[in-house]
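I opened this complex today to see how one chain is built and how it meets its partner. My notes follow the order in which I looked.

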Amino acid sequence: MRSRPSAPAPERALRITTDDVERFAAASGDHNPLHLDPVFARRTAFGQPVVHGALAAVALLGCLPAGSLAALRRLRVSFAGPVLPGVAVAAAVGPDARRPDRWWGTLSARGKQLLRLEAWSGGEAPPEPRWLDVGRGGGPMRDTPADVELAAVAAGDEVAGEYGAGAELAELARRWDAQALDPGLLEALAWSSYVVGMELPGLRSLLAGLRLSSPGSAAPGPARHRIRVVQADPRTGRLLLEGRLAGPAGPRAVASIEAFGRPRSVARAPIAASSTAAAQGAVVVVGGSRGFGAALVLSLLEAGYGVHALYAVSRDAAEELRPAAGAHVARLSLHQVDARDASGVERVAAAVRESGEPLRGVVLNAAPPPLGMRVTSASAKELADYVSDSLGRVAVPLGGLLPLLGRQGAWMLFSSTAAMAEPPLEWPHYLAAKGAMEGLARWAAAARPDARVVVFRAPKMQTDLTSSPSGAMGAVSADAVAHWLVGRIAGDALHPGFNVVDPPAPA
Amino acid sequence: MTLADFDATFEEVLQDVLGWDVAFADDDGPRTVEAWDSLMQVRLVHELETRFGVRLPDDALLGEQTVGSLRSLVRERAQPA
């Protein structure tokens, strides 16, 4: 592996807590729900709340010696992966061997680098944007994030307004031993977080990179800022921003920010009443509120099944299924159940029995969202935990529902992935989990030779999981894939026993 | 742009995006460079496009690339003398 060749610096474990995240949100004004709201975060590629990147940078800077920290006027930070609240990350810092005024630092976890930082005291003139005046336009700071339509953002667009970091910011820096950091740089980190999380792109955003400089003479107090879009790339949602923060006494900081926006998800049109098919029996869909699971629920309703959809977190997403079900809504039951919880699955089984409809099919589609990782001796435990978590969401409902599965035309669908054939380097845990699940599917076929057991190697689809800079490219419609697959299952294309189904070739 | 300028700028972009003071070879890629994941590749391609004023095909963003394959894609478009 090529990484920094200098002698490995001693590592220090940092654990940023949810309390830190809440304090940073209050201090910076970056109240983006990605950091604070588990239900919102569940519908992103990260699947869970993540630490503000700028806060992680402050914590890493706190690992530098106070004397060197105080001299810093420039920062370059690259955000490569999310830091999770409450989970330890390894921090390493060191002086640059060739340039003594320069320092580098990294945060690592899950076998990979999550954040990379370079800091120095100055030297050359700061990269001032050509438009220096922060002006008088714009309004007060936002309380809730803007929801910017990415397609409408173009180079030259500007945002301006008031900005002031709260007094809690200095307190937070002290808590992370970074109190010697130049106040202008500290404020600039908070401000950059606010800009991306609240203004541009706002609600559906990802901070990827920062270059900050401070003249080193910041007086505290309210300031104004102005941000300009330098580049906007519709292919990946990438925005390159330039910004300036200034107070009554003069400039505080200059920033160059790289961020990504995610497109808005589009509400589905309801299924038309004319598509009502003959009643097919009941199906339980585990992991049915979002993405491919939700698409399967709707296709199964359309094909005439009564559907019991299970979801763990995403109540709002599950509720969106009701209007989308249209004329079939009476045949849709939503159950908020943790699929790993045997008593919860038992309640669903009781509901199926009470409905009086024979259970024809079980869809095992729940999986925890995988964060990118690599296999190292240190990350292997996390990999094993991920596999265990994933398998629990398949095995518990399988065990609970198998006794209910009728003898007439029964089927089981296991959601696997086309990535099994072309393993992505960042998903060893995901592949291991799906491999274990496919093994379980083979067992299910042996235990119930009358049933059609389907392992579906799902292609890359447009879902929350792939709503990331590289994820959405080349992804196909989940609705179209679900419709095709349900057609295969409801028809007689598959034989009893074990079937591996690959996705249809792209049109 | 001369070939020497091209190589210097190309190397600078690699250093900026993937890490400092790392010597990159043409067959380096996601298997050999610690920081090279799918997000970094997207950022690398955007940065190359910005610095060289070119537009690379979608496959450069998505498909598996190496230092050498990206160098060829940019060189074909930037045409250093």
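Predicted model: local features only at pLDDT ≥ 70, side-chain atom pairs only at ≥ 80, totals over all residues.

**Entry 1: confidence**

The predictor assigns the complex an ipTM of 0.90 and a pTM of 0.90. For chain B I read an average pLDDT of 90, with 98% of the residues at 70 or above. Where in chain B is confidence lowest, and where highest? I found the lowest in helix α3(B), residues 58–62, at a mean of 86. The highest is in helix α4(B), residues 67–78, at 95.

**Entry 2: the build of chain B**

I listed the elements next. Chain B has four helices and zero strands. Read from the N terminus, the order is α-α-α-α. I then checked the overall dimensions. The radius of gyration of chain B is 12 Å, close to the 12 Å from the globule rule for 81 residues, so chain B is as compact as a globular protein of that length. Along the principal axes, its C-alpha atoms fill a box of roughly 30 × 30 × 20 Å.

I looked up burial too. Of the 81 residues in chain B, 35% count as buried. I also sorted contacts by separation along the chain. Among contacts in chain B with a separation of 6 or more, 61% join residues 24 or more positions apart.

**Entry 3: α1(B) against α2(B)**

I picked one helix pair to follow. Helix α1(B) spans residues 3–18 and helix α2(B) spans residues 38–52. Their axes come within 10 Å and cross at roughly 145 degrees. The crossing is right-handed.

Which residues meet here? From α1(B) I noted Thr9(B), Val13(B), Asp16(B), Val17(B) and Leu18(B). They meet Met40(B), Arg43(B), Leu44(B), Glu47(B), Leu48(B) and Arg51(B) of α2(B). By class, the residues of this contact are six nonpolar, one polar and four charged.

**Entry 4: chain A against chain B**

Last, I turned to the interface. How many residues of each chain are in contact? I noted 24 residues of chain A and 22 residues of chain B. On the side of chain A that touches chain B, strands β5(A), residues 112–120, and β8(A), residues 223–233, each supply at least two residues. The largest share comes from β5(A), with three residues. I sorted that side of chain A by class as well: eight nonpolar, seven polar and nine charged.

Methods:
Residues numbered from 1 in each chain as written. Chains lettered and ligands numbered in written order. Axes fitted to C-alpha atoms, helices over the stretch in contact; angles between N-to-C directions. Left-handed = near helix turned anticlockwise from the far one by under 90°. Contact = placed C-beta atoms within 7 Å. Nonpolar A, V, L, I, M, F, W, Y, C, P; charged D, E, K, R; others polar. pLDDT = per-residue confidence, 0-100. Rg over C-alpha atoms; globule rule 2.2 N^0.38 Å. Buried ≥ 20, exposed ≤ 12 C-beta atoms within 10 Å, placed from the backbone.
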